[in-house]
Amino acid sequence: MSILGTRVVRTEDPRLLTAGGTYVDDLRVPELDGAVQATFVRSPLAHALITGIDTSAARGEPGVLAVLTAQDLGSAPAPENEAPENEAPENAEADEAELVAAEESGEAGPGPLGGPFTEPMLAGGRVRFVGEPVALVLTGGPAGRYRGEDVSELVSVDYDPLPAVVGTAASLSGDTLLFPPAGSNVAAAGGARKDGGPAFDDSLFAGCEVVVERTIVNQRVAPVPLEVRAAAAVWRDGKLTVWASTQNAQLARVILAGALQLDPSAIRVIAPDVGGGFGAKIGIDRETVAVAWAARKTGRPVRWVETRSENMVAMTHGRDQVHSLTIGGNRDGRILAYRIDIVQDSGAYPRMGGFLPTLTSLMAAGVYDIPRVETAFRVAVTNTTPIAPYRGAGRPEATAAIERAVDLFAAEIGMDPAEVRRLNVVSPDKFPFTTASGAEYDTGRYADALATVLEAAGYDSLRAEQAKRRESDDPVQIGIGLATYVEITAVDAQAGETARLAVHDDGTATVYTGSSAHGQGHHTAWAMLVQDELGIPMDQVTVIHGDTDLIPVGVGTFASRSLQLGGSAVHKAAGEVKDEARRVAAGMLEAAEDDLDLDTGTGRWQVRGDPETALSWAQIAGQAGGDGLVANVEFKGDRATFPFGAHVAVVEVDTETGKVRHVRHVTVDDAGPVLNPVLAEGQRHGGIAQGAAQALLEEVVFDADGNPITSNLADYAAITATELPSFELVAMETPTTLNPLGVKGIGEAGTIGATPAVQNAVVDALAHLGVRHIDMPTTPERVWTAITAAQPSASQPSASQPSASQPSAAQQTGAQKAAQNGRTQ
Amino acid sequence: MKVTITVNGQEVGADVEDRALLVHLLRDNAGLTATNIGCDTTSCGACTVLLDGESVKSCTVLAAQADGAEVTTLEGLAGADGTMHPVQRAFHAEHGLQCGFCTPGMVMALVSLLRENPHPTEDEVRAGLEGNLCRCTGYHNIVRAALTAATEN
């Protein structure tokens, strides 16, 4: 029997449970002996010109090796082991020309958009968000970490404050530009706004009996991996070695090679254990580049780990879109047209360009067969922490928007939201299905997913209980929230993934994977794939990842791509090893290759019908000669896959206090055949929690001056065990045809489905009071305010055309909030 | 100042700054790196250890305060023969960990919780874990691991 699909506990765990992992800050390797500590001096202002940096007081302190600023970036790196340069930066008279020169000096950090929006390694002439790195202090000796904190306080930076641009409305006004040479705060635009002003289709909603409009906020949240960012670097004998907490060592090497102008072969990047990433550790950030640069410049090993308070302002955040939605259809429940106009707050540096809202646009139509869909987006820079992917990266935003829009439409026509969904989902006979927003869905059974989750949740009973509580005017109401979703995984399928599989002459095997585990369980999963294909027991299979000397080519772990690409690569490599073993064994047994069978139960080869001839993997590998039995493969997908599912969230809302309790969460998440239910369920659990967290609690907030209000874990409401129920997961498996395993990605599905399900549940609990929408997070204050503002008698506005739509008081509050961009409180 | 702390049965002496935190003594002086630092506001619990048998967040205890005390970290939890503690075994069986970073603190917090309350309800486990953050598991399997470990009490 195949091991695939069975519940296998992780091989990773015993080490993590008894000795703890080895994260970057845990490294006690000889190469890092005598390492100095890096501490960043960060901007306390959201927007200012730097008019001078005085490092002399800091440099005079004992134990200080160097204080580096943007002025040091242009100078050539010090030759190996040369004494560090300690020259004081001159007071810089900053002007735009100098700013651009400093930032285009070729020493820039990761900034794919480039041009005038390039993110510098250290701020030169201008700071653009609180927490932006301005200088780097290197301290040595015992307690170097504490000394670094002390000394960084002594670096005196003169700032000439500028007006802070906070929120997309302020950005789009263009009153203050973050990048004057760019001439605009809009870094990218697309869809109907591709060429500037919107070119909307005036006839999009023609023929719709009902049209509902709403502006909603998909708020900014913080990824909060439990391990903050960390790096260590050594420059020795012309080679740079960097340990980084990253989701992909190979991409980190590409970034370092570009930023430091080194040949990639002169760089080794190692990702040791990584304590969570959630998209925010794709590649490396400017701080890690600076640490590597400092190691090269000073010739000393350098190590860095940020504090959580730094992490909350300087690691990228996620989401932060404002959606202007319009949905139209008929009173029989059929949706005919949908428009989403997106403003993406990119933070200070639009490092992803238009990538996130492009994905949001692509996935705009969700699971629905909507004849007319129009999308538009603008990417607006603001004086806040940069935005980058966070679990879902553009797709949770799309799903949150369409799922809210469908509920608004259902409320408007007075139909059960489950029925509206059932009527509009793409029917199974239409796959592959191309949506009006341009996504080509591979396989899906959306109505089945919905029916299954409704049955598992006991939907009718829940509605009956809800009716009872409404009838009795119970102060604690229940809300039932639905979300049906489809998402896109392995969006970069054609980039593929690598695997190298070697079977050794002792019968054991080693897998080198370009995929990059940071909690997902790749070591267990890849070993299962090898056992299934070759019959080598998984405890005889070693899995290695995250070292560019051993695996120079790889893509990494993000976008729910690992199993479908990295796993398919391992599967393919095992197939090639098997073919090679067959050839070798045929020679050894003097038999025809076609007459040989591999018994994957025992891992032995034999001539069919002749058990006496059995050969072990050790025997065949020993005979193979050369490198032994080795396969080096790359698996590339033709295109992305589209997992889907349906969630039901149940909440209790205390109408007297606004407090929401998430009491049940039932999901169907179909990502094709499940390799190991233990791992897949774990991904779903974590995803659901992060989705619920956005709906209920979490929000990164800045004040009007761009000061972060949620800059540590005491102020940022990272979700805890007390705020979540246990989850009820229902299995469903619809394979894709796009890879040999038939699998799609599961890493982000939970988040994508849970966010709108929980938000819809909160609104549903108050629907009878006339509440139609509450922006996330649905904090007690917002819920209480919505209840207070709602007029029960005004809950059934007779809408027909958008202009005639009369939003309730609660809706106006929400719309005004959205217009003000919700963030500045 | 000089402090002497018994960590996992071994005496550790160190000359530390007055302001040195217990977690840094454990990691930098005792060389025990399982205990992680996840925040700077006593919010995340990744640094949870047992101080004279009680769970504490070692980022919020000065090394000086622990002078003369006994500390148990994750490394000291398994038996001398390597047999895992019931909480460790339950985390493995129930997939109570993914990236592993919160795990040492989670395990130590639950060891302490189950000593105080050997047969907790699910709600009691969740309340007991309020000071420990996990970003990977959604807490679902951590709660199951706690309830599984409790069956051995």
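Helix α2 of chain B, which spans residues 86–93, contains several buried residues in this predicted model. These are Val87(B), Gln88(B), Ala90(B), Phe91(B) and His92(B). The cover over them comes from both chains: it includes α1 (13–18) of chain A, together with α3 (103–116) and α5 (140–150) of chain B. Just after α2(B), the backbone at His95(B) takes a positive phi of about 55 degrees.

Where domain 1 of chain A meets domain 3 of chain A, 15 residues of domain 1 are in contact with 14 residues of domain 3. On the domain 1 side, α6 (249–260) and β11 (267–270) of chain A each supply at least two residues. The element that gives the most to this side is α6(A), with four residues. By residue type, the side of domain 1 that touches domain 3 divides into seven nonpolar, six polar and two charged residues.

The last topic is the interior. In soluble globular proteins, nonpolar side chains tend to be buried together. The largest nonpolar core of this model has 315 residues. Those that touch the most other members are Ala233(A), Val302(A), Tyr338(A), Val530(A) and Val648(A).

Conventions: Residues are numbered from 1 along each chain as its sequence is written. Chains are lettered from A and ligands numbered from 1 in the order in which they are written. This is a predicted model: local features need pLDDT of at least 70, side-chain atom pairs count only at pLDDT 80 or more; totals for chains, interfaces and linings use all residues. Two residues are in contact if their C-beta atoms, placed from the backbone, lie within 7 Å. Ala, Val, Leu, Ile, Met, Phe, Trp, Tyr, Cys and Pro count as nonpolar, Asp, Glu, Lys and Arg as charged, and the others, Gly among them, as polar. A residue is buried if 20 or more other C-beta atoms lie within 10 Å of its own, exposed if 12 or fewer, and partly exposed in between; C-beta atoms are placed from the backbone. A nonpolar core is a set of buried Ala, Val, Leu, Ile, Met, Phe, Trp, Tyr and Cys residues joined through C-beta atoms within 7 Å.
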